[in-house]
Amino acid sequence: MKKHHYRLRHRAHRLGPLLSFIDGLEGGFAIFAGIVAGLSFTVIDRKALIVTALIGITVNAVNAATIRYSTEHYYDELDGHEKRSAFHAYFLPSIIEFAIYIVVSCLSLLPLIVINHLLAAVMTMIIACLAILFASGVVRGSLLNARPLRDGVEIMIGGGIMIMIGTVAGWLLSHVFVN
């Protein structure tokens, strides 16, 4: 028998902050790794790469939090179950996602700071990113009584695609469009 997602909405209020944490974790690592991998082809100065990545992280964190807030509020309006406290139901999970996105993405800067060789630093970051994406999918799947391994693989593949797009874009910019 197929499980319907509407049953999860009744339990999701207890899991909301934790699911926001996992969503922030997923987006933070995958988008950040894609940006850094792509920029590593075009930016020679490591400090410029880190500053550019921080700007990208901040913009994406604001975007993720805004989407979290508006989507949750919109779905509740459509369902006729709008919450009394917009702060607790919509704003707080979006702020949690924003904060986690920033913290996790900044932590993933560590290989760029600690490892001297740029390619080794980027590869270490990508491998860590994929492992963390897989683990977060397993945790989310477990929390939602879904298929944890499948969820882990799906999230890891999605993150891998984001990283690949960023890497290919950076390679194209540095090899095809350079005078």
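In this predicted model, methionine 125 is in contact with Phe32, Ala33, Val36, Ser108 and Pro111, once its neighbours within four places in sequence are left aside. Several of these names return when we turn to the largest nonpolar core, which has 23 residues, and in which Phe32, Val36, Leu109, Leu112, Val122 and Met125 touch the most other members. The elements that each give two or more residues to this core are helix H1 (5-42), helix H2 (46-79), helix H5 (118-143) and helix H6 (148-175).

Staying with helix H5, we come to alanine 128, which is found in that helix. Its C-alpha atom is separated by 9.7 Å from that of proline 111, a residue 17 places away along the chain.

Cysteine 129 has 0% relative accessibility and so counts as buried, whereas cysteine 106, with a relative accessible area of 29%, is partly exposed. The structure holds zero disulfides.

On the surface, finally, there is a nonpolar patch with about 1,100 Å² of accessible area together, and its members include Phe41, Val153, Ile157, Ile161, Trp171 and Phe177. Helix H6 gives the most to this patch, with nine residues. Isoleucine 161, which lies in helix H6, counts as partly exposed because its relative accessibility is 42%.

How values were computed:
Residues are numbered from 1 along each chain as its sequence is written. This is a predicted model: local features need pLDDT of at least 70, side-chain atom pairs count only at pLDDT 80 or more; totals for chains, interfaces and linings use all residues. Side-chain values use heavy atoms; hydrogens and water are left out. A disulfide is a pair of cysteine sulfur atoms within 2.5 Å. Buried means under 20% relative accessible area, exposed over 50%, partly exposed in between (1.4 Å probe, protein chains only). A nonpolar core is a set of buried Ala, Val, Leu, Ile, Met, Phe, Trp, Tyr and Cys residues joined through side-chain atoms within 4.5 Å. Helices (H or I, at least four residues) and strands (E, at least two) are DSSP runs, numbered from the N terminus. Contact means heavy atoms within 4.5 Å. Patches are made of residues with over 30% relative accessible area and no salt bridge: like charges are joined within 9 Å, nonpolar side chains (Val, Leu, Ile, Met, Phe, Trp, Tyr) within 5 Å. Accessible areas come from the Shrake-Rupley method with a 1.4 Å probe; for residues, only the protein chains shown count as cover. A salt bridge is a side-chain nitrogen of Lys or Arg within 4 Å of a carboxyl oxygen of Asp or Glu.
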